[in-house]
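Please bear in mind throughout that the model is predicted.

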Amino acid sequence: MSVAARWEKQGDIGIITVDSPPVNALSAPVRQGIFDGVKALDADPEVKAIVLICDGRTFIAGADITEFGKPPKGPDLRSVQETMENASKPIVAAIHGTALGGGLETALAAHYRVAVPSAKVGLPEVKLGLLPGAGGTQRLPRLIGPERALKVIVDGNPIPAPEAKDLDILDAIIDGDLKQGAIAFAQDLVAKGAPARRVRDIPIDASSLPANFFADFRKGLAKMRGFPAPEKIVQCIEAAVALPFDEGMRIEREGITELMASTESKAMRYMFFAEREVAKIPDVPKDIALRPINTAAVLGAGTMGGGIAMNFANAGIPVTVIEATQEALDRGLGIIEKNYRNTQAKGRLTAEEVDKRLGLITGSLSYDDIAGVDIVIEAIFENMEVKKEVFRKLDAILKPGAILASNTSYLDLNEIADVTKRPEDVIGLHFFSPANVMRLLEIVRGAKTAKDVLATCMALAKTIGKIGVVAGVCHGFIGNRMLSRYSAEANKMLLEGATPHQIDTVLYNFGMPMGPFQMTDLAGLDVGARARSEFPDLFPIDPAFPVFADILVAQGRYGQKTKAGFYKYGDDRKAQPDPDVEAIIAAESEKRGVERRVISDEEIIERCIYAAINEGARELEEGIALRPCDIDIIWINGYGFPSYRGGPMFYADTIGVDKVHAAVEKYRQKYGERGWKYSSLLEKLARAGKGFADWKDVV
Ligand code: T1G
């Protein structure tokens, strides 16, 4: 009997209990334990039925992702499932927590499934660039029909137990103690002489499918560009409908084998662990006492402040929004309510839920009303003097132990902290707009920020549904500092011969949600122009190159908001290349004596993406970023870098750091050190033939 799974008898019911923290993943010992337990109990003449259950917080949460790519050990999952499915006695899977991936597939190899009301089941493999590779694509369609099965598997999201019961994935919901309830269910099966009903034997009625179902479904996959798994999933469901079970299993096995070896899936599996790694701060003890965050305040009810306040209300934390005038406060609170009502109209929140969240948001004009809160997030104008004045006031008013946070995007947090008597309580919480939607939160660690403040804010990030990533203090922290290089190269290539449409198309096809010029049109050219004119030291301009956005702003072209920016826009807000803009660009080239040339797609990728990678390498050297995966998480969650490429640093490893280094050297020779600053880390990795995954070997 393995420690990962034990078995026993209660009367004539055999019970196999999996106990493999943290999530009972199907590691080799777990698979072996289930396999042996089923064999033993099925051979025991006293046993009339078997229950499979798990200790700990959840039923099996999937295959053990840490085993992927390693030589298989012990019985493979399909052998375990065949042993279960061909047992002579009914097997009941008893589910709590989240039965996901191989966990649900194991339950589908059982003959019956029961769960507590709070349980969830799902096949999230597509989120790892995979497909359910243990019969999920063949058994689920037999239980719930191919149409619903295809949607469930391509969607990948968990299904609450009551809904899973309605879908016939579950046979019963167990109120009360799961183990006793499952045993009672099994005893009832025995009493009724119920068979060991194999899901694989349930026929699929292909005639129930709408005409052209699969062709029509494929049309909807266009939005999942770059991800190979969805198409493979469709092929598996087609096989389930058209072929015998074992044939379908072969198609499925070929599909997951191919996907498992794909770069896309390796990138998405890397992201899975990276999302958890970034929460670990090397020099902060995991069990450090956190400060309580039961109340909050936000200074500023503008776009950012309102969105930040919504995050707290969504998490059930009362939040006070402070503004300077009643008019600004009313406007800000009005926008918050409008956002919630829009969500309600889409059916994603009920009226009661909206009312509850609105009830947690209070407006005020007086700092006196926030003296007792646990955390204040300042989200006012990006001006250092204004921020310093605000933090002096907060320092004088807030209770001891309160956390003083700034949402600044660029300013020096240390300078802000040093105007207070409590710099150890000051931190940066850089939300990304829209703050109530974007998952990324850059947690900016000041030179004097206390470790418990840092740990508290990391925990707060999870509480409010964000992915927190620690950043050091520098201009633009981690993400925007790299973005400024990415954008600067795009701007420079306009002068040399490229068009906005060409650059945007290349980067869109690379996998970015949109290119830099469409993005600027969306954000508003005037926003950046104002920042550059008001904070020239924060946004240094290379005199050798024009800032085309400023040239366009001077002509009243602010972007989508004026239906003209780098593109022109009709009422459909669709970006159309504008010959007038291309003429402005060409005139600037002529004025500066720059002979326009053809710029290749490869050069666009090198100069935008590699420039960002080079800056990321420098951030690692400087300690601004803790790990390469922190940079990747930021770029995927803050800027839409394609997850199937794993983020800029993972992508560099995929194509070869030496290739990136050679290109960066080429551009440094051509354009000088100003843009292409030297990274010793990049050079060391290239010379050592290593990737960022092994960056600690060379620093
Ligand atoms: N394998 C290995 N480790 C896992 C794991 C897994 N499947 N799931 C979680 N962990 C680790 C995780 O890294 C973390 O470790 C700890 O458990 C707690 O996780 C054959 C091929 C279950 C909803 O995709 O969605 O089955 O950081 O922080 O927030 O067809 O974990 O503590 O060291 O996320 O409570 C399919 C993935 C696999 C489910 C719990 N299954 N896991 O969330 O805790 S592929 C999945 C989750 C597959 C089959 C295919 C979540 C959770 P550490 P956590 P949580």
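Begin with the largest nonpolar core, which has 101 residues, and select Ile609, Trp635 and Phe692, the residues with the most contacts inside it. Next, colour helix α24 (residues 601-622), because the largest share of this core, 10 residues, comes from that helix.

Now centre the view on tryptophan 635 and show what surrounds it: leaving aside residues up to four places away in sequence, Trp635 touches Gly479, Met482, Leu483, Tyr486, Met512, Ala612, Gly640, Phe641 and Pro648.

Is aspartate 632 buried or exposed, and which side chain of opposite charge is nearest? Aspartate 632 is buried yet has no salt bridge, and the nearest side chain of opposite charge, that of arginine 627, is 10 Å away. Not counting residues up to four places away in sequence, the residues that aspartate 632 touches are Tyr270, Met271, Gly646, Gly647, Pro648, Met649 and Phe650.

For the next stop, select helix α3 (residues 102-109), where 8 of the 8 residues are buried, so that the helix is largely enclosed by the rest of the structure. Among these buried residues of α3 are Gly102, Glu105 and Leu108.

Compare this with helix α19 (residues 500-510), whose buried residues are Pro500, Ile503, Asp504, Val506, Leu507 and Phe510. These residues cover an arc of only 160 degrees around the axis, which means that they are on the same side of α19. If you then show the elements that cover the buried residues of α19, you will find α18 (479-496), α20 (516-523), β18 (567-569), α23 (579-591), α24 and α26 (648-655) included among them. Following α19 comes glycine 511, whose phi is positive, near 130 degrees.

Finally, zoom out and colour the chain by its domain assignment, which gives domain 1 (5-260), domain 2 (296-471) and domain 3 (498-591). The C-alpha centres of domain 2 and domain 3 lie 31 Å apart, and 5 residues of domain 2 are in contact with 4 residues of domain 3.

Terms used
Residues numbered from 1 in each chain as written. Predicted model: local features only at pLDDT ≥ 70, side-chain atom pairs only at ≥ 80, totals over all residues. Heavy atoms only, no water. Core = buried A, V, L, I, M, F, W, Y, C linked by side-chain atoms within 4.5 Å. Buried < 20%, exposed > 50% of the residue type's maximum accessible area, 1.4 Å probe, protein only. Helix = DSSP H or I, 4+ residues; strand = E, 2+ residues; numbered from the N terminus. Contact = heavy atoms within 4.5 Å. Lys, Arg positive; Asp, Glu negative; His and termini not counted. Salt bridge = Lys/Arg side-chain N within 4 Å of Asp/Glu carboxyl O. Arc of directions from axis to C-beta. Domains from an automatic or database assignment.
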